[in-house]
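Subject: Structure handover and findings

Hello,

Here is the structure you asked for. My notes on it follow below.

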Amino acid sequence: MLNTPLSLRTAARLLTAASAFSVLAAAAPLTMAQEPAKADPLVGYMETSHGQLLKAAEHLLREEVKPHLTSNDADTLQAANEVIRLLDMKREPMPIPSTFVGKWQVRSIQGSNLGVYAYPFFSCEIRREGAKGIAFQKHSGSQRRVGVLLPYSADSLLFLGGSYYEDDKPQGYSNLRGGKGAGSDAGQEDRDSVGQLYQLAPGHLLMIFAPISGRGEIYELKKS
């Protein structure tokens, strides 16, 4: 199965400096994460290794999915085509983030060299967090996530959060819980999750996550 949680930090160590630079050089400009326009100060709490993986995420996912576009398995073939379709869709300039507050439906599509799998839609929400912030939480299904959404670039928000199972206590990004560099001390970095949220159309969002040990993942969100 593709749902085994693995460490972002472990994945980062496996991505050597040489391979990271070669991947980034090979990626087309449109598949790269844009540099922040007016990024939220909390963006600085993201681990450098996580940021490097996030920049390469879309390119790496395309490469993982490509072999499955000729799969003989109907479900795999459909899921692979869905990933490419969503990644190829035009992305709109980021509106005021508070416009996203409300109930949503979300599905995960995960891809690796083993295959591509699309999960059904589950309920989730984007809610206000504090005076000006917003947070995302997928609170249904066996695989869940929770974290903050931060201004990042002209067309995206940064997700800094954590993954958990339905029987676990929700936990966000380790550095935000204990301060910069707290992840390794707290022992919670295995659950750290970072992603980039884009608007494809009003009421239709795409989140691309940093890969975890060769497994890429996207969320497709539709307004309830």
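Start at helix 4. At its start, a side-chain oxygen of aspartate 73 comes to within 3.3 Å of the backbone nitrogen of aspartate 75. Please keep in mind that this is a predicted model.

Helix 4 covers residues 74-88, which is 15 residues. At 1.5 Å a residue it should span 21 Å, and its end C-alpha atoms are 21 Å apart, so the two agree. Its buried residues are Thr76, Ala79, Ala80, Glu82, Val83, Ile84, Leu86 and Leu87. What do they pack against? One partner is a helix, helix 3 (48-65). The others are strand 1 (102-112), strand 2 (115-118), strand 7 (192-201), strand 8 (204-212) and strand 9 (215-223).

Salt bridges

A search of the whole structure finds 14 salt bridges. Side chains of opposite charge can pair when their charged atoms come close.

One of the bridges involves helix 4. The side chains of glutamate 82 and arginine 107 meet at 2.4 Å, N to O. Glutamate 82 is in helix 4 and arginine 107 in strand 1, so the pair ties together parts 25 residues apart in sequence. Are these two residues buried or exposed? Arginine 107 has a relative accessible area of 12%, so it is buried. Glutamate 82 is buried too, at 18%.

Arginine 127 takes part in two of the salt bridges listed here. With glutamate 125 the N to O distance is 3.4 Å. With glutamate 129 it is 3.7 Å. Glutamate 125 is buried, with a relative accessible area of 17%. Arginine 127 is partly exposed at 25%. Glutamate 129 is also partly exposed, at 38% relative accessibility.

Salt bridges link Glu58, Arg62, Asp88 and Arg91.

Loops

Histidine 68 sits in the loop between helix 3 and helix 4. Its relative accessibility is 11%, under the 20% cut-off, so histidine 68 counts as buried. A polar atom of its side chain lies 3.5 Å from the backbone nitrogen of glycine 115. Which residues does histidine 68 contact, leaving aside its neighbours within four places in sequence? They are Thr76, Leu77, Ala80, Ser112, Asn113, Leu114, Gly115 and Val116. Of these, Thr76 and Ala80 are also among the buried residues of helix 4.

Threonine 99 belongs to the loop between helix 4 and strand 1. It is partly exposed, with a relative accessible area of 47%. Its side chain reaches the backbone oxygen of isoleucine 96 at 2.7 Å. Threonine 99 and glycine 203 are 104 residues apart in sequence. In space, their C-alpha atoms are 9.7 Å apart.

Serine 213 is in the loop between strand 8 and strand 9. What stands out is its phi, which is near 50°. That is a positive value in a residue other than glycine. Most residues other than glycine have a negative phi. Serine 213 is partly exposed, with a relative accessible area of 34%.

Surface

Leu42, Tyr45 and Leu176 form a nonpolar patch on the surface. Together they have about 210 Å² of accessible area. Leucine 176 lies in helix 5 (residues 174-178). At 30% relative accessibility, leucine 176 counts as partly exposed.

The protein as a whole exposes about 10600 Å². Carbon and sulfur atoms supply 55% of that area.

Overall picture

How many helices and strands does the protein have? The secondary structure comes to six helices and nine strands. The protein has 224 residues, and buried residues make up 50% of them. Take the contacts with a separation of 6 or more: residues 24 or more positions apart account for 61% of them.

For a first look, I would open these places in turn: the start of helix 4, with aspartate 73 and aspartate 75; the salt bridge of arginine 107 and glutamate 82; the contacts of histidine 68; and the positive phi of serine 213.

Best wishes

Definitions and conventions. Residues numbered from 1 in each chain as written. Predicted model: local features only at pLDDT ≥ 70, side-chain atom pairs only at ≥ 80, totals over all residues. Heavy atoms only, no water. Helix = DSSP H or I, 4+ residues; strand = E, 2+ residues; numbered from the N terminus. Expected span 1.5 Å × (residues − 1). Buried < 20%, exposed > 50% of the residue type's maximum accessible area, 1.4 Å probe, protein only. Contact = heavy atoms within 4.5 Å. Polar contact = N/O pair within 3.5 Å; in protein donor to acceptor, adjacent residues only side chain to side chain. Patch = residues over 30% accessible without salt bridge, like charges linked within 9 Å, V, L, I, M, F, W, Y side chains within 5 Å. Areas by Shrake-Rupley, 256 points an atom, 1.4 Å probe, with all protein chains shown as cover. Salt bridge = Lys/Arg side-chain N within 4 Å of Asp/Glu carboxyl O.
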